[in-house]
Amino acid sequence: MSMSAAGEGDQMKVIIVGGVAGGATAAARIRRLDETAEIIVFERSGFVSYANCGLPYYIGGVIDDRRALTLQTPEGFKRRYAADIRVRSEVTAIDAAQKTVTVRDTESGREYTEKYDKLLLSPGAVPTRPGIPGADGKRVFTLRTVEDTLGIRAFIDSDRPRSAVILGGGYIGLEMAENLSRAGMTVTVVQRPGQLLNNALDFDMASFVHAELRSKGVKLLLGAEAEAAEETDGGVVLRLKGGGSVSADMLLAAVGVTPDTALARSAGIETGIKGGIVVNDRMETTVKDIYAVGDAVCVRHAVSGREALIPLAGPANKQGRIAADNICGRDSRYLGSMGSSVIKIFDITAAVTGLTEKAAERAGFDCERIVLSPPSHAEYYPGARSMTVKMVFEKGSMRLLGAQIVGGEGADKRIDVLATAIRAGMRADELKDLELAYAPPYSSAKDPVNMAGFMAENIASGLVKQFHWDETEALPKDGSVTLLDVRTPGEYSKGHAEGFVNIPVDELRERLGEIDRTKPVYVMCQSGIRSYISCRILAAEGFDCSNFSGGYRFYKCVTEEKVASQSLYPCGMEK
């Protein structure tokens, strides 16, 4: 039998501000722990629990039935969890001393107060409006709620726009770019940083995303900053700083989200970075008996240990459960978030967990990176597609810090394994010891995660040295070092890095006399496998050699943003 936190035998009254992920999860968990508690959920919109992440796919027509977006109706939630669900109800004030909230019915305008024993804030975040003139125009949209979605869909159905400009290249921006493109529109993405998914991927991995979008006809204006939006006769013009403009029939502002914390601040609750609500690991705010969860709260990054805002559905759901446990007198702790996420972009998947290389460096880690391009499953079984894996770990300790994967099938599976490894505190080289499920349709006997572990071990033990794409341009071209491409002559003739000469790996032992033993040798192949074999041959003969991380396939995509083939032989040769 559960015991409410209000005291044995007393009925506890819990008010939850905001539904969707964190609030709805907390309400359901509280009911499962305490059958007697009075639970009231106030939700500003007309939907208590809906699939935020599915909204772009309804706009694009992938999801046909709008009812599929609603995870629970207010009526269904009330029947199952005996909770009082009040939609279109906005909490406008909190009196922490009197333990009351002021509520406004947004349909009637009526205001009233409710007392609480425990208060849970799950206000989420709101789309950040770009601070430019014209951002509130009738053809300028944001996407966060079901109402936003229905408004965009209604505009598309009525006005039949043929073009769209998207301001912002994050998750929502790219999902909308795909869905609007599939709906027949010409799409342009304007992004202030010089890459898309700036907070999720390093530039080198984002290059694969750039290439994919461009191959599908999406125009990218990277490193471009908006100055103003002006509505014209039947359209909108986005003017850019430094000159230039983009014209379209509609504009979607997707420049990020801002924690919705005005209510919390007015109640005297402490806020942190970007105004996020400060909570401890029990999801308690700095005001007694008030908890907070979801996109509005500051959390501890599980890898860097730093305060962070990580607006993702998974963490919000977990936080809702933890807050509910503590409200009901249990002792649950939130261990922080690693920002694990995945996104579909036309025919590729981009997935990330932990820290990117640039984030690790900002956090003060002395880190190393490896890049590999393994197949999604056994190469001899039909349908194998290559993915590109970038793994970041700390030098010396070998602590696994983060990973990024761009590819097709299997990318999500491997990022989840790596996320688990990071949470478990594994070293990068220990990945080689993981026993992962294998059958030809699903994986290889040496899974991509195992391969990453082998590579990390080789680097840590000094068996191989490596160099990277962003170091290649600075390599001397004056003959003081040997730049060696060990692919086949046919591959080499189709393109190679500047200054690299060709000796195929299978001819290398017989042609060692052509290489000056007194000079360092930098070796490149298509994927990194043949160049690694070549480095072992050279090292055994006393050469000072370094292997190129990722191979020419990776180099070409990063430096030229060409779509990389995903149909390869194990050595990296294209089929």
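**A loop residue and its surroundings**

Phe 346 has a relative accessible area of 6% and is therefore buried, a term that means under 20% relative accessible area, while exposed means over 50% and partly exposed lies in between (1.4 Å probe, protein chains only). The model is predicted: local features need pLDDT of at least 70, side-chain atom pairs count only at pLDDT 80 or more, and totals for chains, interfaces and linings use all residues. Residues are numbered from 1 along each chain as its sequence is written, and side-chain values use heavy atoms, with hydrogens and water left out.

- Phe 346 is found in the loop between S24 and S25; helices (H or I, at least four residues) and strands (E, at least two) are DSSP runs, numbered from the N terminus.
- The phi of Phe 346 is near 55°, which is a positive value in a residue other than glycine.
- Strand S24 (residues 341-345) pairs with S25 in the antiparallel sense over 5 bridges, where pairing requires that DSSP finds at least two bridges between two strands.
- The hairpin of S24 and S25 has 2 residues between the strands.
- Opposite Val 342 stands Ala 351 of S25.
- S25 also pairs in the antiparallel sense with strand S28 (residues 400-407), over 6 bridges, and Val 406 in S28 is the bridge partner of Ala 350.
- What encloses strand S25 (residues 348-354)? The rest of the structure largely does so, because 7 of the 7 residues of the strand are buried.

- Helix H1 (residues 22-33) has 12 residues, which at 1.5 Å a residue should span 16 Å; its end C-alpha atoms are 16 Å apart, so the two values agree. The expected span is 1.5 Å times one less than the number of residues.
- H1 is mostly covered, since 11 of its 12 residues are buried; among them are Gly 22, Ala 24, Arg 29 and Leu 33.
- The buried residues of H14 are Arg 530, Ser 531, Ser 534, Cys 535, Ile 537 and Leu 538.
- Seen down the axis of H14, these buried residues fall within an arc of 160°, and therefore they line one face of the helix; the arc is that of the directions from the helix axis to the C-beta atoms.
- An α-helix has 3.6 residues a turn, so residues three or four places apart point the same way.
- The cover over the buried residues of H14 includes strand S30 (482-485), helix H13 (489-493), strand S32 (521-524) and strand S33 (545-548).
- Just after H14, Gly 542 takes a positive phi of about 90°.

**Aromatic rings**

- The structure holds 9 aromatic pairs. Rings of Phe, Tyr and Trp (its six-membered ring) pair if their centres lie within 6.5 Å; planes under 30 degrees apart count as stacked, over 60 as edge-to-face and the rest as tilted.
- Phe 141 and Phe 155 form a tilted pair, because their ring centres are 5.0 Å apart and their planes stand at 50°.
- This pair links Phe 141 in strand S11 (residues 140-141) with Phe 155 in helix H4 (residues 146-159), 14 residues apart, and both residues are buried.
- Phe 208 and Phe 554 form a stacked pair, at 5.9 Å centre to centre and with 25° between the planes.
- Phe 208 lies in helix H6 (residues 203-215) and Phe 554 in helix H15 (residues 551-560), so the pair ties together parts that are 346 residues apart in sequence.
- One aromatic cluster is formed by Phe 467, Tyr 522, Phe 548, Tyr 552 and Tyr 555.
- Arg 487 lies over the face of Tyr 552, at 4.3 Å from the ring centre; a charge sits over a ring if NZ of Lys or CZ of Arg is within 6 Å of the ring centre and within 35 degrees of the ring normal.

**Two buried strand residues**

- Thr 188 lies in strand S13 (residues 186-191) and counts as buried at 8% relative accessibility.
- Leaving aside neighbours within four places in sequence, Thr 188 is in contact (heavy atoms within 4.5 Å) with Ala 164, Val 165, Ile 166, Lys 219, Leu 221 and Val 246.
- Ile 290 belongs to strand S21 (residues 290-292) and is buried, with a relative accessible area of 1%.
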